[in-house]
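Hi everyone, thanks for coming. Please have the picture and the sequence ready, and we will walk through them together.

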Amino acid sequence: MNISITKCIRELNRNRNVEEMLPEYIKQTRNFYGSHACYKLALEYFMFFENISEETGPLNSGEDKILEQVNNITGSFFWKKPDRDGCKKLAEELLNLRKEITDRMQVLSAYVDCFSVYEYILNRLEYRFKEMGEMPEDVKFTEDVVQFIFSSKDNAAINEKVRFVIGQLPMRMLRSKYFDVIRESVSIYKGNSLSSLEGFEYMFRTNAMLYKDKNMDIYFTEFKKPLEELKNAGFEDIDNEQYKTYNGIVEDSTYELLKLSDLYILFGEIVNLLYTIVSVAAYTEEADRVQDRTLDVAATIIQCINILFSCLNNDAFKKSCADNDIWKRSGEELGSMEEKMDWLSELLDDLTGKQETISEILDMAEAALGQVKEVHGGAIDSLGLAENFDLLIRFSLLNSNSTFAELDEDRDAEDVEVTPQMADEAAGRLISEVKELFKSSSRILRRAVMANTLEKIPVFFNTPQEVADYISLSLLQCDDEAEKYASKEIIMNEIEEYRIFNEVQD
């Protein structure tokens, strides 16, 4: 049978030939996910090797172990060609590895959020120890910022600018008003799904330094000491030397955290692709496997990079890896690492456009997933296709922009509607936790937490005049010239970058 996926979707939408079209739609969509992941992995794995070998430097034991697991699983699939049961075992290994990577990434994110609050504080102290230049006086500054915010007619862009400005202005909001804003923000979720409210609570806690990940006592514990030093710092009365010390702690810690975060994003992306490829193989009959020369090219690139990773990390493999017959496919003598990488780079050129072509097909197939599930759920079950269909939903999540998307979300939470009482209780929890934090926090830390959270929550202004009034009042109530100058500088720099970007676009 050779039915286009377009026809499958059209027939299913018309509720025709369901018993024939449904299995074909699932099979073709699954195969397209597998092909797309294979092409993408060839490129990502190649770039990952370049990153590890040339830029990252020696890895810590935790990252080195994960890299070894990734390469072992890649080698097991692309070299040993396991049967369907073997592929299912590899898929399970990948899910476990993905869980560890996600847990580690959550710890990194929690640390980044904490250090960003102290970065905010130190930015506001910078001009106590540095000469200030010229900035627009308050009235002119307010006019410029309001014009910047409302220069676009796109409400989403306007709201994004408003949140940015609120997060950078001197924070002088009364705590009672701040708590009211929290309540208003939570009230928006009344009538929405419980999972969306839970997502808001998680976001708020991370930005308020309230989120405590249990794995922070296991992973990346080297950041606990510098964070503790910052917590105990008396920022209000620091001198220049103390400022330099604390600023160095924040800069060094943030740099290391972001470098680690970039690495774990790469780990996550590669594991997602491997899981898709391995799972497609586990659920595909031999007769239904896609045969394509360019897929063979992609597999060759992946195999070669897998060999090169072995060369990097284990001297015992270097000679056997260098002499592997796979290099003979080039038709040339490939001696050095540079020569091998140049050849693989040329092979990548053969894959140009493949991802993009399949992405267009997958966009169409993914757009139909929800409706097919809703309309033909009974047929999916009766035809014994439920497991296969759930796999497509999982592939869709793995193919999204969210590298660490939850694959087994609580479906019950999706179905539960947030009642007014539930929203009030959630707001009460957050306010109670913030009050407890504020009891032991300095004024400057309280303001930093308020600014950091207000920048992330829904906009609470209704008119441009309310925005202008907030900016004016924030500046008027700030008697710390260094803080005011720093806030203005950050906002003016953003306005200038926005102007330059628009000029380039035009």
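This is a predicted model: local features need pLDDT of at least 70, side-chain atom pairs count only at pLDDT 80 or more; totals for chains, interfaces and linings use all residues.

Residues are numbered from 1 along each chain as its sequence is written, and side-chain values use heavy atoms, with hydrogens and water left out.

So, the overall view. The protein chain has 20 helices and 0 strands. Helices here are DSSP runs of H or I with at least four residues, strands are runs of E with at least two, and both are numbered from the N terminus. Along its principal axes, the C-alpha trace spans about 75 × 60 × 50 Å. Of the 506 residues, 48% are buried. Buried means under 20% relative accessible area, exposed means over 50%, and partly exposed is in between, using a 1.4 Å probe and protein chains only. The chain exposes about 25,900 Å², and carbon and sulfur atoms supply 47% of that area; the areas come from the Shrake-Rupley method with a 1.4 Å probe, and for residues only the protein chains shown count as cover.

What about contacts? Among those with a separation of 6 or more, 83% join residues 24 or more positions apart. Contact means heavy atoms within 4.5 Å.

Now please find helix α10, residues 240-282. Helix α9, residues 224-231, packs against α10 at an angle of about 145°, with the axes 10 Å apart. Axes are lines fitted to C-alpha atoms, for helices over the stretch in contact, and angles run from 0 to 180 degrees between N-to-C directions. The crossing of α9 and α10 is left-handed: a crossing gets that name if the near helix is turned anticlockwise from the far one by less than a right angle, and right-handed if clockwise. On the α9 side you will find P226, E229 and L230, and on the α10 side T245, Y246, I249, V250 and S253. By class, that contact has 5 nonpolar, 2 polar and 1 charged residues. Ala, Val, Leu, Ile, Met, Phe, Trp, Tyr, Cys and Pro count as nonpolar, Asp, Glu, Lys and Arg as charged, and the others, Gly among them, as polar.

Helix α10 has another partner, α15. Their axes come within 10 Å and cross at roughly 160°, which makes the two helices roughly antiparallel. On that scale, angles under 35 degrees are roughly parallel, over 145 roughly antiparallel, 65 to 115 roughly perpendicular, and the rest oblique. N272, Y275, T276, S279 and V280 of α10 meet L391, R394, F395 and L398 of α15.

Let's stop at L391, which sits in helix α15, residues 386-398. Is L391 buried or exposed? L391 is buried, because its relative accessible area is 7%. Leaving aside neighbours within four places in sequence, L391 is in contact with Y275, S279 and Y283.

The last pair is α4 and α18. Their axes come within 9 Å, crossing at roughly 115°, and this crossing is right-handed. The contact has 10 nonpolar, 2 polar and 2 charged residues.

Helix α4 covers residues 84-125 and contains E100. At 19% relative accessibility, E100 counts as buried. Beyond residues up to four places away in sequence, E100 touches I66, Q69 and Y219.

Finally, some loops. Most residues other than glycine have a negative phi. Now look at K81, in the loop between α3 and α4: its phi is near 50°, a positive value in a residue other than glycine. M209, in the loop between α8 and α9, also has a positive phi, of about 60°. Which of these is buried, and which is exposed? K81 is exposed, with a relative accessible area of 54%, whereas M209 is buried, at 8%.

Our last stop is F461, in the loop between α18 and α19. F461 counts as buried at 14% relative accessibility. Neighbours within four places aside, F461 is in contact with V162, I166, E466, V467 and Y470.
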